[in-house]
Amino acid sequence: MRLQVLENYKEMSVKAASIIASQVILKPDSNLGLATGSTPLGMYDKLVEMYEEDLVNFEKVVTFNLDEYVGLAADHPQSYNYYMFDNFFEMVNVPKDNINIPSGIEDDLKQVCKDYDQKINDYGGIDLQVLGIGKNGHIGFNEPDNKLRTNTHVVELNDETINDNSRFFDSIDDVPKKAISMGMSSIMKAQKILLLASGKQKAQAIKKAINGEITTEHPASLLQLHSDVTILVDKDAAKLISK
C-alpha cells in the first residue's frame with residue numbers, strides 16, 4: 001500500500017484526478033472502475049476541468065461502476081446511474097456505449113450480476129479501480145460479515161449503511177434496502193486500486209484498513225493483500241493512522 005496524506009479534501013481530489021488522468025494518458029483505452037458517493041465528487045469536478053482544458057481525452061475509455069441500488073431506475077435522481085451522468089459523463093467524451101453500470105430494475109438480477117462480471121472479463125479486466133470507504137469499512141457495498149461474496153452480487157444493506165445514505169434521500173424510509181455490488185474478487189482483480197477518504201468520520205475505517213488485521217468484518221482491510229493500492233486521505237481521515 002502507498003499512503004499519501006493531503007492537506008485537505010480539495011488537494012486530495014486534485015491528486016486523485018491526476019492519477020486517473022495519468023492512467024488514461026498512458027493507456028488511452030483504459031478500463032476504469034468508478035465509484036459514487038460524496039467523496040469522489042471533487043475528483044470528477046477536476047477531471048471535467050482537465051478535459052475542458054484538453055489535458056485528457058476519454059474517447060477510448062471504458063468504464064465499469066462499482067454498484068447500483070436495487071429498485072431505482074436509471075433516471076431516478078438518487079440512482080448511481082443518474083449520479084454518474086450528472087456529475088461526470090455528461091461533461092466528458094466517454095462514449096455512451098463504453099459506460100457500464102449494473103441495472104437494479106431487471107427481473108433476473110442474478111443474471112445481471114453474472115453478465116456484468118463476464119463483460120469485465122471480456123474487456124480484459126479493470127486497469128484502475130476507484131474506491132471510497134464506508135465508516136464500517138465497506139467498499140462498494142461489500143458489508144462487514146463473517147464471509148464475503150467474491151463476484152458481483154445482490155447485497156442486503158445493513159442499518160449503518162442505510163442510515164449513512166439517508167442524507168441523500170427525503171427520508172430514511174426511501175433508501176433502498178438492497179444493491180448490486182462488485183464482489184471482493186471483482187475488485188481485487190483490478191491491476192491498480194485507488195482508495196479515497198476524507199473527514200474525521202472516516203479515520204477509524206482508514207486506521208483499520210491500513211493498520212488492522214485482515215478480516216471480512218472490515219472489508220477494506222483485504223486491500224492489504226493487493227499488490228498495487230494507493231490510498232489518498234486528507235489530514236482528518238489520517239489522524240488515527242500509526243506511523
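Predicted model: local features only at pLDDT ≥ 70, side-chain atom pairs only at ≥ 80, totals over all residues.
1. Helices are DSSP runs of H or I of at least four residues, and strands are E runs of at least two, numbered from the N terminus. UniProt, in an unreviewed entry, gives residues 27-228 as "domain: Glucosamine/galactosamine-6-phosphate isomerase"; such annotations may be inferred rather than shown by experiment.

2. Residues are numbered from 1 along each chain as its sequence is written. Local features need pLDDT of at least 70, side-chain atom pairs count only at pLDDT 80 or more, and totals for chains, interfaces and linings use all residues, while side-chain values use heavy atoms, without hydrogens or water.

3. The largest nonpolar core has 61 residues. A core joins buried Ala, Val, Leu, Ile, Met, Phe, Trp, Tyr and Cys residues through side-chain atoms within 4.5 Å, buried being under 20% relative accessible area with a 1.4 Å probe, protein chains only. Helix 1 (residues 9-26) supplies its largest share, six residues. Met43, Leu47, Phe58, Phe88, Phe89 and Ile206 have the most contacts inside this core.

4. Beyond its neighbours within four places in sequence, Phe88 is in contact (heavy atoms within 4.5 Å) with Leu34, Tyr44, Leu47, Val48, Phe58 and Tyr83.

Notes
Buried < 20%, exposed > 50% of the residue type's maximum accessible area, 1.4 Å probe, protein only.
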